[in-house]
Each structure stands twice: as structure tokens, then as C-alpha cells.
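The following note sets out several points for a reader who is new to structural models. Please keep the sequence and the structure in view while reading.

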Amino acid sequence: MTLRIRVRAGRILWFSGLVVMVLIVIAPVFVMFKYAISDRASVVTGGMPIPLWPFHPTLEQFRGLAGTEQFLAAAVTSLQAALLSVTLSLAIGTPAAYALSRYRFPGVMVLATALISIRLFPDVVAVVPVVEIFTRLALVNRVLGVALAHSLLAAPYVIFIAMGVFDTIPIELEEQARILGAGPVRSFVRIVLPVALPGLAAAAIYVFLLSWDEFIFSYFLLAFGEQSTLPVILQKILSWTPQHNLLAAISVVLSVPVVAFTFLVQRYMQTGAMAGAVK
Amino acid sequence: MTTVRLEKVSKTIGATPVVRELDLVVGDGEFVTLVGPSGCGKTTTLRMIAGLEEVTSGRLYIGDRLANDVPSKDRGIAMVFQSYALFPHMTTAQNIAFGLKIRKVPGDVVARKVSWVLSLLNLKGLENRRPRDLSGGQRQRVALARAMVVDPEVLLLDEPLSNLDAKLRIKMRAELKRIHRQLKTTILYVTHDQVEAMSLSERIAVMREGRLAQVGTPLDIYRKPTDLFVAGFVGSPTMNFFDGTIEQKEGKATIATRAFELALPEPVWQRCKTHKGKTVILGIRPEHIYRRGSSRIKEVSGNTVKAVVTVVEPLGDRVIVEVERSDVRFTLVLPEEARMVPEMAVTAVFDMEHCHLFDRASGKRIAP
């Protein structure tokens with residue numbers, strides 16, 4: 001009897017713990033969402049407590065943003081830069097990681113560590129020489145330049161993630177493909193890449209996030225052009241202390257593509273991609 | 001179907017010789033097993049034949065063609081790895097068809113061949129499963145199917161049964177034998193399990209430290225091991241070894257160990273005369289030692305040893321019995337009816353016609 005009570009008490013405690021944890025995660029998202037759909041009266045209350053749910057939920061802020069050409073252009077630029085960064089950094093990082101993982105030449109770990117330690121420098125330190133070099137190469141004020149800079153930031157991480165992925169793929173799979181007649185390229189494309197896909201998808205999400213959020217490089221590289229990315233626009237808007245509900249709406253717009261991209265790529269991330277390959 | 005010929009094939013990795021001057025011929029359609037303890041170079045040898053490792057020196061012929069520098073895919077070989085190396089993102093059918101598709105075999109031929117190999121290996125109904133949804137035995141069969149479907153002239157198998165449980169291993173052993181009889185493909189098989197080697201192959205090549213210790217039929221190797229290593233490696237339970245001195249007293253040849261003396265039959269004596277007065281190693285398999293009263297052996301003077309039972313291992317129909325006499329231990333295999341218990345006194349009758357004598361220094365066989 002007492003045991004049953006104790007078991008039930010344990011369950012209740014465990015469940016309440018879960019509820020608290022979920023609330024901690026959900027609360028900021030809720031506040032952001034609530035403000036984004038708030039009408040002016042629910043934000044500027046004149047000393048009254050701010051309501052838990054807006055008096056008159058409205059999409060007014062979003063409509064306003066959708067009507068702002070500058071904001072829309074920035075959203076498109078951000079998306080272009082992010083997708084281009086994902087493509088570039090994976091195109092550079094994946095083969096590099098494959099080489100580092102498969103060919104154990106002397107100093108391979110030194111090279112890998114050197115690659116990641118590039119990221120130990122603060123971005124602000126790196127931004128000046130990068131802008132200097134990119135100016136000479138006519139890469140400033142262009143999406144390509146921003147994407148290249150973001151790829152530069154992301155590549156070491158992509159290489160590290162992909163190296164870990166390739167390390168888990170047994171060499172026997174490639175040897176078997178070779179015996180069956182596949183050349184190195186076909187064996188890489190048909191065998192290694194599909195098996196590595198879940199890990200590479202994780203890397204892609206990471207790069208997307210990095211590029212989407214990145215401020216300093218985008219700011220300096222686009223300083224004198226007409227284009228701008230969302231974080232840069234956000235900074236400009238923030239500088240004239242706007243209303244909470246406009247900021248929240250921008251935040252929602254900033255979050256949506258990240259969530260969407262993650263959902264899109266996540267279906268490649270099923271666990272146990274290697275299951276059944278060996279033993 | 002073709003022959004594989006290795007002439008003084010060596011492999012050195014870094015400064016370490018892994019395979020040393022190996023000479024071996026695998027006949028057309030023959031089933032040959034490379035067996036030896038781990039690290040003896042058997043897998044490296046197989047990988048050299050597969051073209052996955054370069055031959056450091058020597059010549060490797062597949063058929064009549066010198067194959068040292070021929071790429072894997074042009075050697076007419078197929079291989080099954082110990083780990084199976086199934087492509088995890090492909091179904092059974094896709095795994096099997098992979099080699100054919102790469103070779104640009106027309107679609108209808110691919111379908112026919114895949115279907116043929118699926119039924120040969122009892123894989124019908126599993127075509128659309130991924131490797132992770134297959135059992136160990138099924139994965140093993142898919143790996144085998146993928147190798148066989150490309151009609152290899154030589155099939156290389158690297159410990160293909162070692163990841164299966166004991167029961168399945170015995171079943172797959174019979175299956176492999178059936179397939180070989182049916183297809184007559186030249187098969188080179190690597191295992192560290194001497195029982196597997198004995199039961200499967202037409203000929204066995206025993207390897208040790210990169211060298212070939214002995215090549216022969218399973219019976220050859222069981223009956224006439226060329227040295228102590230092969231004698232100890234092949235057979236289960238392991239052969240008994242005793243240090244003994246060959247003597248001749250009153251016209252009778254004997255071998256005296258620390259604890260007992262046994263008479264040497266005339267043919268054995270004829271072969272070991274030269275070692276008279278010297279210490280040699282006497283080897284005798286547990287199954288060639290009987291218990292007094294057994295109908296299998298006639299008791300003659302000088303082939304009995306009185307001993308005390310120390311350990312009894314029942315195997316069902318038989319028991320492995322370890323006995324001791326004056327600190328010298330040996331094992332014998334007795335029928336279950338013997339009802340052995342520790343501390344029991346037993347008179348062992350040695351079938352000296354089946355004894356082996358080895359030189360103590362070189363380990364080489366002296367007689368019979």
C-alpha cells in the first residue's frame with residue numbers, strides 16, 4: 001500500500017518537474033509570440049499590469065513588416081546568404097573532412113586542431129583583414145561576399161562534425177564497393193554520402209543558424225551597399241527604440257526560417273543510419 | 001572458376017613483415033581454407049588477393065594472369081567481409097544488385113540474377129528490408145548473395161561465420177558446403193576456427209607468423225601434422241604433449257616420460273631410430289587414448305598408464321577427462337558411460353599406432 005503511494009508520489013514529482021522544464025523552455029517563446037500579436041493598448045498600458053493575452057490580438061505588426069520593402073529585401077538577402085553559406089561550407093568542408101578522416105598522414109590531428117583553433121580569435125579581430133581582402137577581391141556589398149565570410153566561420157565546425165561522421169563509417173563499406181567495381185567518386189557519392197547524410201544535415205542546420213544570426217561580418221561587408229541582412233536591419237530598428245510588439249514580430253519572423261529549415265533537414269537525421277552495416 | 005597462385009608473396013607493413021614468402025596454389029573450383037591464430041597474416045593474404053593490399057614482393061596469379069597490379073574490380077573476385085559491410089541505406093535487393101548495376105548489366109538480367117540468388121540463399125521475402133531489420137544470419141546471407149551474384153571466378157570469405165551464434169554457424173557451414181557443391185566456384189576462406197576449417201574445406205593451409213606451416217587435406221593435417229604448432233592447433237580437444245626419451249632395452253623400443261614409459265610400435269621405431277637416447281616430444285590426441293576394457297583397442301604390454309582423474313568435462317555423449325600421474329597431466333575423451341568422477345583411478349590405454357614424435361629443438365615431425 002505504502003509502496004504504491006510512494007510510487008504515485010514519485011510519478012507526480014517527476015511529472016511536475018517535466019512541466020516546470022517545459023514551461024521554462026516555452027515561456028520566452030510565448031512572451032515573444034504574445035507581444036508579436038499584441039495591439040497597442042496591450043503594450044502601452046499606462047501603469048496597468050500587462051495582460052497575459054492581448055486584448056485584441058492582431059497581425060498588424062506583421063502586415064507592417066510585409067509592407068516594408070527594406071525589411072523584405074533584407075529577409076531575402078539573409079535567406080540567400082544562409083543557403084549559399086550552407087552550400088559553400090558543406091562543399092568545402094565535406095571533402096576536407098573526408099580526406100582528414102580517411103588519409104591518416106602525419107600531422108593530421110595538428111592540422112585538424114589548427115583548423116578549429118582559427119575560431120578562437122574573436123570575430124571582431126578577424127573582420128578587419130577579411131573586409132580588407134574582400135574589398136580588393138570586389139566581394140564587398142555582395143551576398144556572395146557575406147556567404148563566403150560566413151562559410152569561413154562555419155567551415156572549421158563543418159569539418160569537425162563531418163570528420164566525426166566519416167570516422168564512424170567503416171572503411172569496409174568502401175572496400176566492398178571498390179571490389180564490386182565502383183570507382184572512388186562513385187563509392188563516395190553512392191555509399192559514403194548517403195550514409196553520412198544525417199551527420200551532414202546536423203552540420204547544415206548549424207551553418208544555417210550561424211549565417212542567419214551573424215551580425216559583425218554582414219554589417220561591415222554590406223556597410224556601403226544597398227543590401228542588408230536581417231540582423232543588420234534589426235540593429236538599425238533597435239537604434240530608435242521601437243515598440244515591444246514590433247520587436248517581437250521581427251523576432252518571430254527571424255525564428256520561423258530557422259525552425260522551418262531545421263524541420264526540413266531533420267528528416268535526414270534519423271538515428272541509426274549505420275545500423276546493420278557491420279555485424 | 002579459376003586458379004589462384006601465390007609465388008613467394010610477401011607483405012611488409014612499415015618495417016613489420018606480415019606475410020613472408022607465401023607459396024600456395026588454389027585449384028580450379030577448390031575450397032581452400034587459410035587458418036591460423038590471429039595476427040598470422042591470413043586476412044592480409046586474402047586482402048592481397050582481393051587487391052585491397054599491395055603485394056610487397058612476389059607474384060600473385062589469378063588464372064594465368066599476373067594480378068599484382070590489377071585493380072580489384074578487374075580481378076574476377078568477390079569478397080565477403082567479417083563485418084558483412086552491407087550498405088545500410090540500401091535494401092536487400094539494392095545491396096545485391098549494386099555490383100551488377102555498376103557493371104551496367106541490363107535491368108532484366110539484374111532482376112533475374114537477383115531473384116536467382118535470393119532463392120539460392122533463402123532470402124525470398126526479405127528483398128525490401130534494410131540491413132538493420134535483418135537478423136545476423138540473414139545479413140550474412142545477404143553479404144554472401146551480394147558476392148555471388150556477380151559470378152566471381154574466385155570467392156574470398158573472411159571469417160564470414162564468426163559473428164554468428166554457435167548454432168547458426170553450424171547451419172551456415174552446411175549451407176556454404178551446399179553452395180560450393182552447386183556452383184563449383186573457387187573459394188578461399190579465412191578463419192581462426194580450426195573446426196570450421198576441418199569441416200568445410202577440401203584443403204587447409206595452416207599459417208603461423210606470416211608463413212605457411214602446412215598445406216593439405218583436413219585428414220592429412222589431422223593425421224600427419226608437420227610440426228608441433230600444427231599438431232597443437234588442429235584438433236579439439238588439443239593434442240597431449242610429453243617430453244620423452246627414446247630408449248632401446250632388450251630389443252624393445254620405448255619412450256620414457258617423467259611419469260611413465262610406453263612401448264613404441266615397430267614402424268614408429270624404424271622412423272625415429274636416429275633419435276635414440278635423445279629427448280623428443282611425444283604427441284597423442286585425446287581421442288587416441290582409451291580406458292582399459294574398451295573394445296576399441298587391444299591392450300598390449302607397455303601401452304597402459306595408471307592415472308587419477310582430476311577434471312571431468314561432460315559433452316553429452318562424450319566426456320573430456322583430465323588425468324594426472326606424478327604431476328604429468330593429459331586429457332582423454334571417453335564415452336559418457338564411463339561415468340568418470342574426480343579422484344577416480346583409471347587405467348589409460350594409449351593407441352601408440354597413432355602417436356606423433358617431434359624434434360624438441362625444431363618442433364618438426366620425426367615419426368611416424
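1. A definition is needed at the outset: an axis is a line fitted to C-alpha atoms, taken for helices over the stretch in contact, and the angle between two axes runs from 0 to 180 degrees between N-to-C directions. The model discussed here is predicted. In chain A, the axes of helix H9 (residues 184-213) and helix H12 (residues 244-266) come within 10 Å and cross at roughly 170°. Because angles over 145 degrees count as roughly antiparallel, H9(A) is roughly antiparallel to H12(A).

2. Which residues form the contact of these two helices? On the side of H9(A) they are Ala201(A), Ala204(A), Ile205(A), Phe208(A), Leu209(A) and Trp212(A), which meet Pro257(A), Val258(A), Phe261(A), Thr262(A) and Val265(A) of H12(A). By class, this contact of H9(A) with H12(A) comprises 10 nonpolar residues, one polar residue and no charged residues.

3. Helix H9(A) also deserves attention for its course. H9(A) contains 30 residues, yet its end C-alpha atoms are only 37 Å apart, whereas a straight helix would reach 44 Å at 1.5 Å a residue. A kink of about 60° is located at Leu197(A) in H9(A), shortly before the proline Pro198(A).

4. The two chains touch each other: 26 residues of chain B are in contact with 21 residues of chain A. On the side of chain B that touches chain A, strand S6 (77-80) and helix H2 (92-102) of chain B each supply at least two residues. That side of chain B divides into 16 nonpolar, five polar and five charged residues.

5. Two details of the backbone may be examined. Most residues other than glycine have a negative phi, and most peptide bonds are trans. The peptide bond from Ser236(B) to Pro237(B), however, is cis, with omega near -5°. Pro237(B) lies in the loop between helix H8 (228-233) and strand S11 (240-249) of chain B. Asn141(A), a residue other than glycine, has a positive phi near 60°; Asn141(A) is in the loop between helix H6 (123-136) and helix H7 (143-167) of chain A.

6. How confident is the predictor in each part? Chain A averages a pLDDT of 86, and 95% of its residues score at least 70. Within chain A, confidence is lowest in helix H2 (residues 40-43), at a mean of 76, and highest in helix H8 (residues 171-179), at 93. Chain B averages a pLDDT of 90, with 99% of its residues scoring at least 70. For the complex, the predictor gives an ipTM of 0.83 and a pTM of 0.81.

Key:
Residues are numbered from 1 along each chain as its sequence is written. Chains are lettered from A and ligands numbered from 1 in the order in which they are written. This is a predicted model: local features need pLDDT of at least 70, side-chain atom pairs count only at pLDDT 80 or more; totals for chains, interfaces and linings use all residues. Helices (H or I, at least four residues) and strands (E, at least two) are DSSP runs, numbered from the N terminus. Angles under 35 degrees count as roughly parallel, over 145 as roughly antiparallel, 65 to 115 as roughly perpendicular and the rest as oblique. Two residues are in contact if their C-beta atoms, placed from the backbone, lie within 7 Å. Ala, Val, Leu, Ile, Met, Phe, Trp, Tyr, Cys and Pro count as nonpolar, Asp, Glu, Lys and Arg as charged, and the others, Gly among them, as polar. The expected span of a helix is 1.5 Å times one less than its number of residues. The bend at a residue is the angle between axes fitted to the seven residues ending there and the seven starting there. pLDDT is the predictor's confidence in each residue, from 0 to 100.
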